[in-house]
Each structure stands twice: as structure tokens, then as C-alpha cells.
Amino acid sequence: MYSISTQIILFASLMYFVFTWIGSVKASRLLYSRNIEKLHHKTRKALFWSWFPILPAAAVIGPIVWIQQTMDSNFWLDRVCIQAPLVIVPLLTVWLISVPKLLKLRSLTKQIKAEQDALEQSEAMPLETVIYQRAASPALIIPFQMTALGALTALYFSLVPPVWLQWLEISIPLAVFAVATAGLWWRHQMRYRQVGKMASYAIPAFWKRALTMMSVLAVVAGSAYYLFTIAMNNSELPAEIDMASGTADYGQQSVSGDGNLPTHNGEKGAMNGSSATMVAVTDPTGPREGTPDRRFTLTAQKKTVTLSSGKTVDAWTYNGQIPGPELRMKAGELVEVTLVNENIEQGVTLHWHGLDAPNAEDGVSGATQNAIMPGETYTYRFRAEQAGTFWYHSHEDSQEAVSMGLFGSLIVEPKETPLQEVKDITVMTHRWKGAALAIGASDQLERMTITPGTSVRLRLINTDDWIQQKYTLVGTHFEVAAIDGTDLNKPDILTNTHINVASGGRYDLTFIMPEHPVFLNVGENDRLGILMSPDGKGEIPTAPRTIAFDPLQYGSPAATPFDASSSFNRDFTLVLDNKLGFYNRKMDFLYTLNGHVFPKTPMLMVKEGDLVKTTIVNRGIVDHPMYLHGHRVLVLSRNGKPSTGSPWWTDTLDVQPGETYEVAFVANNSGLWMDHFHNLVHAAAGMKMHLLYEGVTTSYFVGSGTPNNPE
């Protein structure tokens, strides 16, 4: 509903500007009527255009009122304080000042026209100067033109919203509005006086009026071009920029922690103690010594791969397959992964999505390492502390790399083998370029034979960019056992429920195999998915109507190291929005964080051991799956409603338009961490920022002058 309201405001603002501009033109051209009949006709038109803009104005104000009545002030403060007055006040001046004058002018022209008709004059008589002076009255014309200028300014604020009413972002457009209005008033006042001094008013020739208008348009166009050029040039990214640069945001700092918060890799962080010593991002590495429990080698290479339907895909692969090989390990094991780049010219890395590896092993080009170019190798070592469902992908040019196939699943099994055998199925979905949605490399119905009574675990992984994938399990009740690699506490039984998984997110579903077929449907195609049955045969069960799964109140509460009532060391607010602007010299509808795009986005600053709270407000028109590298966050509330079910730990949180989430985490994994949204096309367009521990430095850079382009 919020997204629809926002789009209505934008569209109605555009229509309101068009209607008020037409009205301003009609009012300003009254003076060019050659006789009483034309003046009377034009006066009626001007009156029509005085009330017609009320319709789009109401369409602007109505949604603003609804948002103000139902939502937090982050969603409506600028709209109520700036946009609404720019719409309402000038329109009121039209009705209170211009319309009475128009009514008098219409009455006068009607009277004169009636007198001429009574005299049966064959030709319309020329207008007297006093009539022309009435038509040239600034009090009649300026309210119309001020309304058009107000509409244009309100439209500007719809396209470029000022987050938190920042003074500079507000004052400049309002100053332009005020100066333009004053300039028009001066111009019409001069014209009004000139007409009054004339014994007989002569309408200027059309070419003179056109030349004047062209001159005004040339000045406006020249000024706009100059401002656009400055904005475009200022948006150009430097050839080399330190990822640790940016505007530091220390949040609202409050009290020291309680000293009993969880640690990372067994190390306890000091709670806001003395100033941190300088540490490089390359220092927090995985164990350098010791024989790995698991060794893997992944070779990045281009290859044409055939899907199950026979369609071919020109892909970027790990080890020549899509997805890349599944990496399985047990919690606590020391893992070594060697990355070889055979022929990916853009370069590659390996990032462990959701797995809280040490910072030096995070695999983000320009932040924790340089991109691995063709012919080069790189070795990652880390201890897999968390059991759960994760995935890996390249974080060099990740938008294209993931789309082309540089990803695979990463499964960390519990240390202890379960007593009961589990059928463990990884469901990694992806939409391949030039092909269709597929489960791995299978774009057709898959069949599996599963013995009744078997425990089944479906690990759902959505790798698609900017797609919230829908999964529907038909033919059995089930539980959501885990979200983003963290088990839920005492999950409830679900039926007739579908699961929406954000880009980069993971959900684990568990059930006991019945004696009849069970179907996992992926997406909206009722033939794509996995059909499980006792004999590998059978028909797809009929899908019932389903509702979307909501984790907020699912499962049973359990103790957590902190909760909404805890005292937080840092308190950040992130406002997600859209605005029209330039990014790296290209004009686009940008996706912003606190009104900015990288590198002007906030750099969230923390100390080791801080308890950090973040409020995420999505004012935009699309969803944004928030992903903080190296940390899990605990969801505290959504839209003011507390999370009352199982503790909801997540690393990829999908924030829908109009939603506000409060999340918290412990800063217990020192380093420089990407904090972005896994709609990778948005991240590539500047919607990214970083979490930086005080005292941490990096020697890596991004930019056109470097091999690094993490997004």
C-alpha cells in the first residue's frame, strides 16, 4: 500500500504540474486578446484551469495524509512540511486572489459583449486600455504562475527527497522557487505599469513575444545545463578510492556494554575500552598453521553449459559446472580453499555469504584483497564455526559474476551426526541468461525417490538478483527449521504456506516423507520444482491457496544475549529511498542510503564489543534485502511490532517498501565489512556502505584505476 501511495504521489505531482502550467499560460495570455469576445472566452478558460488542478492536488495530498496518519515520521515529515505546503498554499492564492479578479473580469467582458451585441455591431470592438490593465494585473497572473512553480518544486522533492530535512537540500530549491516567483512578480508589475501608461494598448507582435519566450527558455536551459554538468562531473568516481573513506557515522552513542556478550571465534571483545590500536584488514586471518580438515580447489573458467532441457548457457563457472561444486564440511573444521582464475578477465574472488569468517578471508575485492586476475591463485583458510546453509560467490563485479554463474552452495553440518538419517537436498535456484529459472542446472521437473518415514531437509537458496523467490511445498505439512543458517526454536507446523526468500537468503524446510507424492514448487511455473515420491513416480499434487510465511511470530521464544530492552552502545538509522540523480556521470533513478550513494554513504563506526542497534526505514518503491558481512543480526521489531516468536537471527533481511525494522548485533568480528543490499544491481549503482571497526585500516582500493570492482 505504501509503494502504491508513493507512486500515486509522484504521478499526481507530475499531472498537477502539467495542469498548473497550462493554467499559468492561460492567465498570462489574457493580455493578448484582440477583442472582447476573445478575452471573455479566455477568461472562462482561465477559470476552468483554476479549479481543474484541484483533482491532481487532491491525489497528492490524500496519500500524504494517509502516510502521515498510519506511518512513522521518517516516511512523511518532508512530504507534510515541504511538498504539501508547496501544493496547497499557491493553489489557495489562486482561489483567494486570482479567481475573484477573473470573476470580475468575466462579468465585465460579459457586460461589454452584451452591449456590443445589443448594438448589433458587425465587428468586435477593440478593447480599452483599462480592460487590458485588468488582464495584466499581477495579482491575477502571479498566483497561477506561483502555483506552477510550486508544483514543479514539489515534483522535484518527490524525485529528490531530502532525507531528514537536510538544510542545504531544502534551501536551494526553495530559494529558486522564491527568486523565480519574485522575478515574475517584478516582470508582471512592470508590464502592468506600462499598459496603464498607454493611451491605446497595442498587442506586441507574435515574433516579439516568441523571441522573449525563447530568450527566457535559453537562460533557463543554459542554467539547467550548467547545473547538470556540475552535478554530473561531481558524481564521477575517482580512479582510486580507499574503501575505508567516507562520512563516518558514530551513531547515537550511549552506555557501555555489560561485558557478557558473545564473542567471535572464542575471543572476547573489550566493551568500549581504550582507543583501538591500528589493525590492517589483512591481520584478522584464519589459522595459518595446521593441516586443514577439508581442502577444496575452485577454478574459475568460462564454459558453455547445457541445462537439463537441452538449452545451453554461456556461463562463468567454478570447476566447469553450474552451480559450482557444493562445499560440505562440519562445524569447527579447518577449511582451505584454493581459488584459481583460468580465464575470467574481470577477475574473481570467493566470498562466503552468511558465514562469519575472519575479515581477511571475506573475499571482497578492494576491501579485504585484490581481485584475482587470470593466471593467478589465492588461498582462503578459515574455521567453519557455524552450522547451517550458506553459499559462496565471487565478490568482484558481483552483479555480473553471480548472474553468469560464479557461485555454489556451502553447507556446514553439525559436529554430531544426527541419530536419524536425513535426506538432505540443496535447492539452489537461479535464472540463467538466455534461458529460464532453474534449480541448479535443471530447468525441468525433477523426480526423487524417498522412502516414507524419512526425515527430509530442503535447503532453499535464492541466488537471483532483485528477485524475491517463491517456494511452495505441496502434499505435506512442514516446519521452517532455519533461516539464513540459524536454527529456529521449536518451529510450528505449517500447511498451505509458501516461503518468499530474498536475494541471497536461505530457508531450511523439514518434513517427514509421507506415503504419497510431495512437490516443492519454485516460482510461478507450476511445473518447475522437485517431485518427491516413494517410487519416483506419481502426479504433481494440486496446489492449494497459500499464505506467505512470516517469521516475526513463528516458533517459540528463547533466551538471547540481548533484546530490545538492552542498552546499546551505538544506535544507527538507515533510510532507504530513491532519487533522481547522477552516479559516475550517468543519470538514473538512484537507490540511496540516508540520501546518498557511495562513496558519500555513511560509514558505520563501531568498537570491538559494541552492542549495536540499527533502524532500517524503506521509503523507496522496491524491496531491499539488507546484508551485513561478517555478522548476524537479531530482528527486534517490524513496523513497531516486536518479534515474539523464535529468536530471528538473519544475515539477509528483506525490507519491503514502507517497512521499518529494528535489528541489533554484537560488534565481535573486527574489520572492514561491506554493508549493502543484495539486489546487486542496486549495489552496483551505489547503494552500498561499510561497517568499520575503529582502528582498522586497509591498503586496498577500488576504482577504474584498480583491478577491483566488488559490485
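# Close-up views of a predicted model

**View 1. The second largest cavity and the helices around it.** Helix 1 (2-28), helix 2 (36-51), helix 4 (73-118) and helix 6 each contribute at least two residues to the lining of the second largest cavity, and among these contributions that of helix 1 is the greatest, at 3 residues. The structure shown here and in the following views is a predicted model. The lining is made up of Thr20, Gly23, Ser24, Trp49, Ser50, Pro53, Leu91, Val94, Phe144 and Thr147, a set that divides into 5 nonpolar and 5 polar residues, with no charged residue. The space in this cavity comes to about 40 Å³.

**View 2. Helix 6, residues 138-159.**

**View 3. The largest cavity.** Among the 4 cavities of 30 Å³ or more, the largest holds about 70 Å³ of space. Its lining consists of Leu574, Leu604, Thr614, Met626, Leu628, Val633, Val663, Phe665, Asp675 and Leu691. Strand 28 (624-628) and strand 33 (660-666) are the elements that give two or more residues to this lining, which comprises 8 nonpolar residues, 1 polar residue and 1 charged residue.

**View 4. The salt bridge between Lys330 and Glu413.** The structure holds 22 salt bridges, and one of them joins the side chains of Lys330 and Glu413, with an N to O distance of 3.4 Å. Because Lys330 belongs to strand 6 (residues 324-330) and Glu413 to strand 11 (residues 407-413), the pair ties together parts of the chain that are 83 residues apart in sequence. Both partners are partly exposed, Lys330 at 22% relative accessibility and Glu413 at 24%.

**View 5. The salt bridge between Asp550 and Arg638.** The closest N and O atoms of Asp550 and Arg638 are 2.7 Å apart in this salt bridge. Asp550 sits in the loop between strand 23 (547-548) and strand 24 (570-583), whereas Arg638 sits in strand 29 (residues 633-638), so the pair connects parts that are 88 residues apart in sequence. Asp550 is partly exposed, with a relative accessible area of 36%, while Arg638, at 16%, is buried.

**View 6. The salt bridge between Arg619 and Asp577.** Arg619 and Asp577 form a salt bridge in which the closest N and O atoms are 2.7 Å apart. The two residues, 42 residues apart, link distant parts of the chain, with Arg619 in the loop between strand 27 (611-618) and strand 28, and Asp577 in strand 24. Arg619 counts as buried at 4% relative accessibility, and Asp577 is buried with a relative accessible area of 5%.

Terms used:
Residues are numbered from 1 along each chain as its sequence is written. This is a predicted model: local features need pLDDT of at least 70, side-chain atom pairs count only at pLDDT 80 or more; totals for chains, interfaces and linings use all residues. Side-chain values use heavy atoms; hydrogens and water are left out. Helices (H or I, at least four residues) and strands (E, at least two) are DSSP runs, numbered from the N terminus. The expected span of a helix is 1.5 Å times one less than its number of residues. On a 1 Å grid over the protein atoms alone, a cavity is a set of points where a 1.4 Å probe fits but cannot get out, and a pocket is an open set with protein on both sides within 12 Å along at least five of seven lines; lining residues have an atom within 4 Å of a point. Grid points are joined across faces, edges and corners, and a volume is the space filled by probe spheres set on the points. Ala, Val, Leu, Ile, Met, Phe, Trp, Tyr, Cys and Pro count as nonpolar, Asp, Glu, Lys and Arg as charged, and the others, Gly among them, as polar. A salt bridge is a side-chain nitrogen of Lys or Arg within 4 Å of a carboxyl oxygen of Asp or Glu. Buried means under 20% relative accessible area, exposed over 50%, partly exposed in between (1.4 Å probe, protein chains only).
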